[in-house]
Every structure is written in structure tokens, then in C-alpha cells.
Amino acid sequence: MNEHCHLLCLGFGFSAATLTTRLDSEKWTITGTSRSDAGVEKISAQGWQAIRYDKLETLPDDVTHLLSSVPPDEAGDPVLRTFGQELAARARQFQWVGYLSTTGVYGDHGGAWVDEDTPLTPNTERGQRRVAAEMGWQQLHADAGLPLQVFRLAGIYGPGRNALASLKSGKAQRIIRDGQIFSRIHVDDIAGILKASIERPNPGRIYNVADDNPAPPQDVIAHGAALLGMAIPPAIAFADAQLSPMARSFYADSKRVRNDRVKVELGYRFKYPDYRIGLQSLIANDTSESKLDSNA
């Protein structure tokens with residue numbers, strides 16, 4: 001890695017913002033994008049360079065590392081639409097490129113284990129869009145040599161976004177659906193895995209980013225209530241739950257996500273290997289920090 005590097009974060013949400021706090025400001029220039037003026041102001045307040053995404057006409061000349069957390073829309077991946085040709089033409093100047101995807105690309109496996117070699121069978125429109133976006137990024141790697149790593153994130157939690165915050169706000173629901181299993185990941189471990197990959201790049205590789213302990217969602221709510229000394233919310237059958245269409249879509253998939261590859265290939269040791277340890281840390285250190293964007 002060069003002595004001084006420039007990371008461009010296309011989308012500066014929960015994961016990207018947390019990663020930048022792990023990087024040495026003496027060795028890194030950080031540029032983040034946001035879709036709103038308020039988001040730009042928050043990035044600037046952290047001491048980083050900031051720009052409105054819709055005003056970014058070309059990639060910075062000296063960029064060496066790129067992280068995209070911009071989700072695909074109905075027309076595909078916005079970053080590839082706008083910058084795909086430029087990324088191909090300038091592929092050799094990058095030391096590392098990361099694309100944040102989702103474990104939703106695997107679809108439903110009835111609670112069974114999946115790994116990075118499991119065939120992709122998404123059963124939601126969002127999952128199908130992610131598969132198409134991954135393929136677009138992987139094509140840039142294959143055709144132009146873009147040093148791409150894909151990270152498939154499980155359900156993200158962390159300061160200000162967790163079962164404890166939902167319980168405190170009175171919005172937590174203990175929803176029961178037989179056989180439902182989710183994998184999760186603390187945002188600090190996402191940042192740690194991304195940093196480990198930057199330090200040990202392996203272009204073309206795909207990594208699952210999930211902790212060691214997939215669990216039914218109702219167990220997480222019950223454990224959070226116990227930590228807070230609150231009454232456990234009553235059980236609600238999935239069919240009777242008041243959920244947004246997006247929230248309901250998360251229940252379309254039930255699976256356990258393996259994380260062996262990040263441990264073996266990146267040498268990563270999880271700070272929060274299960275939700276119990278993660279929630280306990282948030283009891284003591286929950287800053288309820290606001291997020292810069294809705295992206296991962």
C-alpha cells in the first residue's frame with residue numbers, strides 16, 4: 001500500500017462512516033458523498049472532504065481506494081451507470097475497491113447454512129437487483145482488472161440502530177414466524193473486516209459479513225428486554241404483525257450465513273461474535289449517534 005492513500009466512499013452511511021473512524025487520518029485522505037446537503041454537512045463535520053453525489057462528475061484524480069454502498073434501483077446500479085466506463089478506464093490506479101452487497105442474494109434456505117459458494121436464488125426484487133449489481137461490478141473486475149472485493153452484509157446493528165433502541169422507543173415487536181433465522185453483524189465488525197481486506201486485498205473475492213450466531217429475531221428482542229430490565233414484549237404472529245413492505249420482505253428469507261472465509265483469508269477476529277455480546281456493549285456505550293445516510 002502506498003504511504004498516503006485516498007478513499008472515496010460513494011454513499012457515506014453507517015458502515016462507511018464507521019470504517020473511516022478506523023483509518024489513520026495522517027495516512028488517508030477521505031472523500032464521502034451524500035445525496036443531501038445535510039449529509040454533506042455531517043461528513044464535513046467529521047473532518048472529511050464531502051460532495052453531493054449528484055454533483056460528482058468525475059472521480060478524484062488521486063483516488064486509490066473506493067467503497068460503494070449505493071444500493072441498486074429499478075434501473076440497476078447508479079454508480080455503474082454513471083462511472084462504469086471511467087472505472088474501467090482507470091482500473092489500474094486503484095489498490096482496492098469494495099462493493100457492499102447483502103446476504104439477501106442467497107434467498108430463502110429454510111434456516112440452512114449458506115456460504116459464498118452457495119448458488120444465488122433471491123426471492124425478492126431487492127435481492128434480484130443486488131445480484132444484477134454484483135454481476136456488473138464483477139464484470140468490471142473480469143474485463144478491466146478492477147481490484148474488486150464484494151462484501152455480503154447480514155442484518156446490521158450498532159449504536160443507535162439496535163434492538164435496545166427499538167425497545168426504548170416502544171417500537172419493538174417480538175414477531176414469531178416458525179423456523180425464522182437471521183444472521184447479524186455489528187457495524188464495528190463490518191468496519192474491521194473492510195479494514196482487514198484493505199490491508200490484505202484479494203481482487204475478485206466475495207466475503208460474507210455475519211457473526212457466529214444466527215438466531216430467531218424474537219430471541220434478540222427478548223434478550224434486549226432482559227438487559228434493559230423491561231418486560232418482554234408480547235409474542236405477535238407474523239401474519240398479524242404491523243410491518244412496512246420492506247420490513248416484511250426481510251422475513252421472506254430464513255438462513256444461517258457462514259463467515260469462515262473472513263476468518264481464514266483475512267485473519268479477522270470478531271469483536272462481537274454474537275448478538276448477546278454486541279447488545280451488552282451497547283448498554284454501556286450506546287451513543288445513539290445519528291446516521292448520515294440510509295445506505296449500509
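**The pocket and the sheet**

Visitor: How do the residues lining the largest pocket divide into nonpolar, polar and charged?

Guide: In this predicted model, 23 are nonpolar, 18 are polar and nine are charged; Asp, Glu, Lys and Arg count as charged, Ala, Val, Leu, Ile, Met, Phe, Trp, Tyr, Cys and Pro as nonpolar, and the others as polar. Local features need pLDDT of at least 70 and side-chain atom pairs 80 or more, whereas totals for chains, interfaces and linings use all residues. Residues are numbered from 1 along each chain, and side-chain values use heavy atoms, without hydrogens or water.

Visitor: What makes a residue part of this lining, and which lie nearest the centre?

Guide: A lining residue has an atom within 4 Å of a pocket point, a pocket being an open set on a 1 Å grid where a 1.4 Å probe fits, with protein on both sides within 12 Å along at least five of seven lines. Therefore 50 residues qualify here, with Gly155, Ile156, Arg161, Ala247 and Phe250 nearest the centre. Among the elements giving two or more residues to the lining are strand E5, helix H4 (125–144) and helix H8 (245–250), helices being DSSP runs of at least four residues and strands of at least two.

Visitor: Why are E4 and E5 called paired?

Guide: Pairing takes at least two DSSP bridges, and E4 (65–68) and E5 (96–102) have four, so they qualify, in the parallel sense.

Visitor: Why are E3 and E11 said to stand at the edges?

Guide: The open sheet runs E3-E2-E1-E4-E5-E7-E11. E3 (49–52) and E11 (206–209) each have a single partner strand, so one side of each lacks a neighbour in the sheet.
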